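This briefing accompanies the sequence and model shown below.

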Amino acid sequence: VREFLGAQPESAVRELLDEYINTNQPTSSSNQSFTAIYDLIYANNIELARQQFEQLPAELSDEAEYTQLKSLIEIYEKAKNARNIEVLEDLVKQDSDDCQARYEMALQLFCLQKQAESVDALLTILKQNRNFGDDLARITLVEIFDALGPENEITKVSRKKMFRLLY
């Protein structure tokens, strides 16, 4: 066990702490790259976000934020083909078993920053028709969980609900 004895200069403290602290933190340039891509996504410029994402250095692929960005881009790309949210909400009200409309609505809700409602819509699809679209609801839920991150409360709660429905 190493310890401090008396006052120490900053360099000595840093040297001692470096043994215990992960110094492989993302660089500020990687943070800037990630932020720029997030900005493109939220400005609905998904194609440019995808291009910039694909140009990120390979060493960043181990970072959690890389996985989050990748999933976020995939969800937004899927949502591009979805119909208008008002139309979808009306379709689901008319026919609560319309999994395709509910799925598209879930994508649109996610893009409108209504993640909890989006996840609930996908969980409803799992309840109604587990095999809808070759397991599309489950796959999209996993992408949403990846996009939100493992520490997100929606991810924690909804992942448990998903597993209860599946098993």
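Among contacts in the chain between residues at least 6 apart in sequence, what percentage join residues at least 24 apart? The share is 56%, where a contact means heavy atoms within 4.5 Å. The model is predicted: local features need pLDDT of at least 70, side-chain atom pairs count only at pLDDT 80 or more, and totals for chains, interfaces and linings use all residues. Residues are numbered from 1 along each chain as its sequence is written, and side-chain values use heavy atoms, with hydrogens and water left out.

**Overall architecture**
- The chain contains 9 helices and 0 strands; helices (H or I, at least four residues) and strands (E, at least two) are DSSP runs, numbered from the N terminus.
- Read from the N terminus on, the order of elements is α-α-α-α-α-α-α-α-α.

**Burial and surface**
- Of the 167 residues in the chain, 37% are buried, buried being under 20% relative accessible area with a 1.4 Å probe and protein chains only.

**Cysteines**
- The structure has 0 disulfides, a disulfide being a pair of cysteine sulfur atoms within 2.5 Å.
- Cys99 is buried, at a relative accessible area of 8%, and Cys111 is likewise buried, at 18%.

**Ala121 and its surroundings**
- Ala121 lies in helix 7, which covers residues 115-128.
- Ala121 counts as buried because its relative accessible area is 5%.
- Leaving aside residues up to four places away in sequence, Ala121 touches Arg102, Met105 and Ala106.
- Tyr103 is 18 residues from Ala121 in sequence, and their C-alpha atoms are 7.1 Å apart in space.

**Helix 8**
- Helix 8 comprises 13 residues, 136-148.
- From its first C-alpha to its last, helix 8 reaches 18 Å, close to the 18 Å expected at 1.5 Å a residue; the expected span is 1.5 Å times one less than the number of residues.
- Its buried residues are Ala137, Thr140, Leu141, Glu143, Ile144, Phe145, Ala147 and Leu148.
- An α-helix has 3.6 residues a turn, so residues three or four places apart point the same way.
- The packing partners of the buried residues of helix 8 are helix 4 (64-79), helix 6 (99-111), helix 7 and helix 9 (153-166).
- Gly149 follows helix 8 and has a positive phi, near 95 degrees.

How values were computed
Buried < 20%, exposed > 50% of the residue type's maximum accessible area, 1.4 Å probe, protein only.
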